[in-house]
Amino acid sequence: MELVSILNLSYLVASILFIVGIKQLAHPKTASRGNLLGALGMLIAVVATLFDQAILTYDWILVGVLIGSVIGIILAIKIQMTAMPQLVAVLNGFGGIASVFVAGAALQLSIPKYATAVNYQEIVSIVFSAIVGGITFSGSFIAFGKLQGFITEKAVRYPGDQLVKILVGLTAVGLGVYGCLEPTDESIYWILSGVSLLLGIFLVIPIGGADMPVVISLLNSYSGIAASATGFVLNNNVLIISGSLVGASGIILTQIMCKAMNRSLTNVLFGGFGAVATEMKDDGDFYSGKVKSTSAEEVAMLLDVARSVVIVPGYGMAVAQAQHTVRDLYQLLTARGIDVTFAIHPVAGRMPGHMNVLLAEADIPYDRLKEMDEINSTFENVDVVIVNGANDVTNPLAKTDPKSPIAGMPILDVGNAKTVVVIKRSLSPGFAGVPNPLFIADNCLMLFGDGKKATQEMIAALKES
């Protein structure tokens with residue numbers, strides 16, 4: 001069998017493994033297997049490519065594989081699950097910049113041919129890789145900075161910012177068109193890449209922290225689209241297919257996130273929560289004399305007589321790294337015959353599925369995790385709801401105040417339960433920057449403190465009761 005046939009057959013097998021792997025990632029019970037199938041597919045694709053006769057030397061390739069493997073192993077060991085959104089953002093960025101450099105190298109090799117005949121499919125793909133890859137790289141690292149706290153999580157707005165984005169975007173398009181018409185001018189490609197990097201910064205910096213789940217999934221889609229475009233540059237079928245899969249799944253997930261927030265993608269990109277919200281000052285009039293604080297001992301007394309409990313995890317739980325302590329509470333309550341479930345809002349946390357990932361890490365049974373649409377109608381029959389570090393996703397203002405920045409966003413209707421216990425460090429607002437009427441509801445008790453420590457105190461009090 002000829003080498004080309006073996007190569008194409010390997011790419012076909014790899015593509016099938018990618019598709020099956022993504023299918024199995026859709027359910028936690030098969031997610032591990034799906035991840036392994038995807039990794040196996042990528043291994044087959046990489047090995048097949050290394051046997052391609054176009055490879056001149058393996059020296060630098062082996063150096064790159066060694067360095068990348070070491071970095072990957074260190075990240076896998078050191079990165080906490082709470083920092084997974086940051087890692088995803090970084091990986092998206094690396095995928096984007098890889099597309100920029102690969103397409104640039106392909107352009108260098110093709111310039112002599114373009115002097116006599118231009119392959120417009122190739123040059124358009126090269127230009128597209130530069131634009132999307134550049135936006136993905138810089139946008140992803142801005143997202144990383146916001147998630148890590150290096151850059152303010154608030155939306156950074158300034159007079160005329162929308163006009164600036166439009167002008168930079170038009171400049172990128174103009175340079176792209178010129179690059180296609182004059183493909184032998186290599187400098188245009190790198191100028192275009194630089195403008196695209198700038199555009200990525202301008203697109204993400206005005207987006208507030210509350211919209212990070214949408215931004216992360218969108219940038220993930222961008223990285224796949226950039227890879228697919230690079231596949232057309234290299235005439236590599238497996239890169240086209242894998243990039244298309246990532247791009248399509250990222251777009252679908254982005255749409256799911258937008259639907260969960262009852263907002264359009266354009267609203268997220270050009271007018272997110274942070275764009276209209278302001279930092280809440282000391283709103284004494286709103287909360288003064290209306291908040292009922294409680295203690296771990298009082299909560300333990302409530303739980304001791306409860307028959308059903310719902311736990312709502314939020315980003316505060318992630319920051320406190322309280323998922324394992326929450327698991328201990330779940331096991332203690334379950335051992336006492338109490339029905340315990342977890343209410344998951346689609347955009348809780350910093351990336352799609354953030355709460356699911358944390359609870360899975362703590363070995364919470366997946367059938368105990370209930371999505372918002374499934375659990376909302378059952379809250380009125382729940383004895384106690386424990387909100388651990390969630391804010392905006394439980395804020396009734398989304399339904400009652402049409403002028404609120406979260407107006408129309410579907411929320412968890414925890415206020416319908418018999419008793420709500422909110423674990424929170426203070427009365428500070430969530431990412432949307434607005435007060436939460438839930439905190440002063442008649443059936444709400446505030447347990448002030450760190451999510452992990454407060455849960456540990458509840459467990460200790462329960463054991464003593």
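A residue is called buried when its relative accessible area is under 20%, exposed when that area is over 50%, and partly exposed in between, with a 1.4 Å probe and protein chains only. The structure discussed here is a predicted model, in which local features need pLDDT of at least 70 and side-chain atom pairs count only at pLDDT 80 or more, while totals for chains, interfaces and linings use all residues. Residues are numbered from 1 along each chain as its sequence is written, and side-chain values use heavy atoms, with hydrogens and water left out.

The account begins with salt bridges, each defined as a side-chain nitrogen of Lys or Arg within 4 Å of a carboxyl oxygen of Asp or Glu. The whole structure contains 8 of them. One joins Arg-327 to Asp-328, with 3.0 Å between the closest N and O atoms. Arg-327 counts as buried because its relative accessible area is 17%, whereas Asp-328, at 33%, is partly exposed.

A second salt bridge links the side chains of Arg-368 and Asp-339, at 2.9 Å from N to O. Arg-368 lies in the loop between α16 (354-361) and β3 (369-371), and Asp-339 belongs to strand β2 (residues 339-344), so this pair ties together parts that are 29 residues apart in sequence. Helices (H or I, at least four residues) and strands (E, at least two) are here DSSP runs, numbered from the N terminus. Asp-339 has a relative accessible area of 40% and is therefore partly exposed. In a further salt bridge, Lys-370 meets Glu-374, and the closest N and O atoms are 3.7 Å apart. Glu-374 is also partly exposed, since its relative accessibility is 46%.

Attention now turns to the strands. Strand β5 (residues 419-424) and β6 run parallel and are joined by 5 bridges; two strands are taken to pair if DSSP finds at least two bridges between them. Within this pairing, Val-421 has Leu-445 in β6 as its bridge partner. Strand β6 spans residues 444-448 and is mostly covered, 4 of its 5 residues being buried.

The surface carries patches, which are made of residues with over 30% relative accessible area and no salt bridge; like charges are joined within 9 Å, and nonpolar side chains (Val, Leu, Ile, Met, Phe, Trp, Tyr) within 5 Å. A patch of negative charge is formed by Glu-297, Glu-298, Glu-457 and Glu-464. At least two of its residues come from each of α13 (296-304) and α19 (451-464). Glu-464, which is placed in helix α19, counts as exposed because its relative accessibility is 71%. In assigning charge, Lys and Arg count as positive and Asp and Glu as negative, with His and the chain ends not counted; the place of a charge is NZ of Lys, CZ of Arg, CG of Asp or CD of Glu.

Another surface patch is nonpolar: Leu-9, Leu-12, Val-13, Ile-16 and Val-20 make up about 400 Å². Accessible areas come from the Shrake-Rupley method with a 1.4 Å probe, and for residues only the protein chains shown count as cover. Val-13 lies in helix α1 (residues 3-24) and is partly exposed, at 36% relative accessibility. Ile-22 is likewise placed in helix α1. The C-alpha atoms of Ile-22 and Ser-249 are separated by 8.9 Å, although these residues are 227 residues apart along the chain.
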